[in-house]
Structures are given as C-alpha cells and as structure tokens.
Amino acid sequence: MSTAGARFRRALEAERPLQVVGAINALSALLAERAGFLALYLSGAGVANASLGRPDLGVTTLDDVRTDVRRITGTTNLPLLVDADTGWASTSGIDGTVRGLEEAGAAGLHLEDQVELKRCGHRPGKRLVDDEQMAARIASAVAARTDPSFVVMARTDACSVEGLDRAVERARRYVAAGADMIFAEAMAELDEYRRFADAVEAPLLANLTEFGKTPLFTLDQLRDAGVRLALYPLSAFRAMNRAADQVYQAIRTTGGQHDVLTAMQTRAELYDLLDYEASESRADAELDKEHQDQR
C-alpha cells in the first residue's frame, strides 16, 4: 500500500497545477473528496480559528494539529498537507513534529521562516529568522522523516518583508537544505511567481487565500507562470461561517429556521455523504450476532 506522501507526489504529477483544497475537519474532507479533489490541506489558521476559536498567532500546539490530522486521515485516503507553522521546535523539536505528523497519517508538512510567535502571512508586522536558522529547520525535518516520500515544504514570507530577490535567495537556500517544494507566501504579481519558478528548482505553491495580498489567479494563469500547486486553504471554511452566521441570525430574529432551510444541507444529503445506511446495516448485523451468541 502506498504512503500518504507517495500519493501526494502522484497527485502533483496528475494535475498541473495541483489544486490543494483546505478541509478544517473530517466532514469537510469528505465533501472535498466527493467534489473530485486529489489533495487536501489543513491550515494552521483553520485549526486556531475553528478548533480553538482563537486568532492565528502561533497559539496552536502540535497536539492540537495532530488531533485534527488524525480525524481527517482516518476518514479519507486523500493525501493531506499540513501547516506546521515554525515546527514547534521549542516544545517537541522539529524531529518530534515530523514523526508525530507522519504517525497521524499526514502526507507532508510545510515549515515557515517566521519567528516562533508567527503571524498570518497576509498580515503586517511579520518577522523572519535568518536563512541559516530556517535551513536548519528544513534539514532537521528531512533527517527526521521515516518515509522518504513524506513531503517537506519550505514556506518563505520574505517577499513582503525583504523583497522578491531575497525571497528567491532564501528559497534556493532551503532547497539546498533538502526542501522538496516551496511555498512562496503573499506574492501579488504573476510575474513574481514566474521569476520565482524560473530561479528555484523545486515545485512552487501559490496560496490563493481570499481577501489577502495575492489576487485570485486562475489555473491557466498559474500554469503559465510555472506554478505547480494552487492552494485554497480556507475557502469552504469562510463560506461555512457566513452560512452559519445567517442561520443563527435568522433563528434569533424570526423565531425559527423556516427562511433558511434552502441554505442547509438536508438530512438525506448528509446521510448519503456518510454512507449512513451501510453503517446502520453493519451495526444491526453486529447486534444480531451478539443476540445469537447469547442464546
């Protein structure tokens, strides 16, 4: 049986660019799988926001993330790329982070070159560690993986802090340290991606997060610029939040849910997604067997 990392790498060859879609929980992963996506993503901001109800300011722990990883990978075989922030080096060590996420079923992780008290990549005030410290993070992660197909991706936030040339310089250093792929955060122009892809010998990811610094480029535009992975980290999550807010407001203001039923997934649709009847049949068969054994 192939590993999660191997499945991610096969998906990368099957689509150009590979669409990697965010799933904040196991049910979201099932919806993404049904839609036909080949790879999933667990956002650090998604864990902080959805699982903890807190801002994305380095507040999550490895255990927080690993819990959500296990739930998603236990539900779908789609390979899952995981946002590992700066790697939790001060608590678990980079090697413990890699082993923990491998054990939980992740296909790979990305590490970023911010300081440990990081910020969202599309917020101001980001601070970076030096090239050497980030290269050491990458080298430690590569050395720690037990599956050589487990993806170690390096994210650089340098473009919006130090400029494109320094971002490219950093990325080349990270590839030399062993990074399999590069996540170039918060770039605003297609030409920046093009120059990055030409200069760095590793598959390049574009983060198409909404309402940020990066325009919502099309797949054709990204393909032409040499981008190999297109990431949509929290698109469904944002839509879910808007829908949930509208339902709560409607129930509170009108005294019922009648006006928002059309915005809801039906019971039948949920049961179909979960293969509910098959699970019921298996449960009934188990109960019947227990009953027979007791007679």
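Predicted model: local features only at pLDDT ≥ 70, side-chain atom pairs only at ≥ 80, totals over all residues.
Me: What makes R145 and D180 a salt bridge?

Reply: Their closest N and O atoms are 2.8 Å apart. A salt bridge needs a side-chain nitrogen of Lys or Arg within 4 Å of a carboxyl oxygen of Asp or Glu. The pair R145 and D180 forms one.

Me: Which parts does the pair R145 and D180 tie together?

Reply: R145 lies in the loop between α6 (131-144) and β5 (151-156). D180 lies in the loop between α8 (164-176) and β6 (181-184). So the pair ties together parts 35 residues apart in sequence. D180 counts as buried, at 18% relative accessibility.

Me: How do you know whether R155 and D157 are buried or exposed?

Reply: R155 has 4% relative accessibility, so R155 counts as buried. D157 has 0%, so D157 counts as buried. R155 and D157 form a salt bridge, with the closest N and O atoms 2.8 Å apart.

Me: What is the N to O distance between E162 and R166, and how accessible is each residue?

Reply: The closest N and O atoms of this salt bridge are 3.4 Å apart. E162 is partly exposed at 35%. R166 is partly exposed at 23%. Both E162 and R166 belong to a network of salt bridges that links D113, D131, E162, R166, E169 and R170. A search of the whole structure finds 24 salt bridges.

Me: What makes E210 and S235 a polar contact?

Reply: Their side chains are joined at 2.4 Å. A polar contact is a pair of N or O atoms within 3.5 Å; within protein, one must be able to donate a hydrogen and the other to accept it, and residues adjacent in sequence count only if both atoms are side-chain atoms. E210 sits in the loop between β7 (204-207) and α10 (219-224). E210 is buried, at 18%.

Me: What caps the N-terminal end of α3?

Reply: S43 does. A side-chain oxygen of S43 lies 3.1 Å from the backbone nitrogen of A45. Helices (H or I, at least four residues) and strands (E, at least two) are DSSP runs, numbered from the N terminus. Helix α3 covers residues 44-51, and its G44, A45, G46, V47 and A48 are buried.

Me: How do you know whether the size of the chain agrees with a compact globule?

Reply: The radius of gyration is taken over C-alpha atoms, and the globule rule is 2.2 Å times the number of residues to the power 0.38. With 295 residues, a compact globule would have a radius near 19 Å. The chain has 21 Å, which agrees. Buried residues make up 48% of the 295 residues.

Definitions and conventions
Residues numbered from 1 in each chain as written. Heavy atoms only, no water. Buried < 20%, exposed > 50% of the residue type's maximum accessible area, 1.4 Å probe, protein only.
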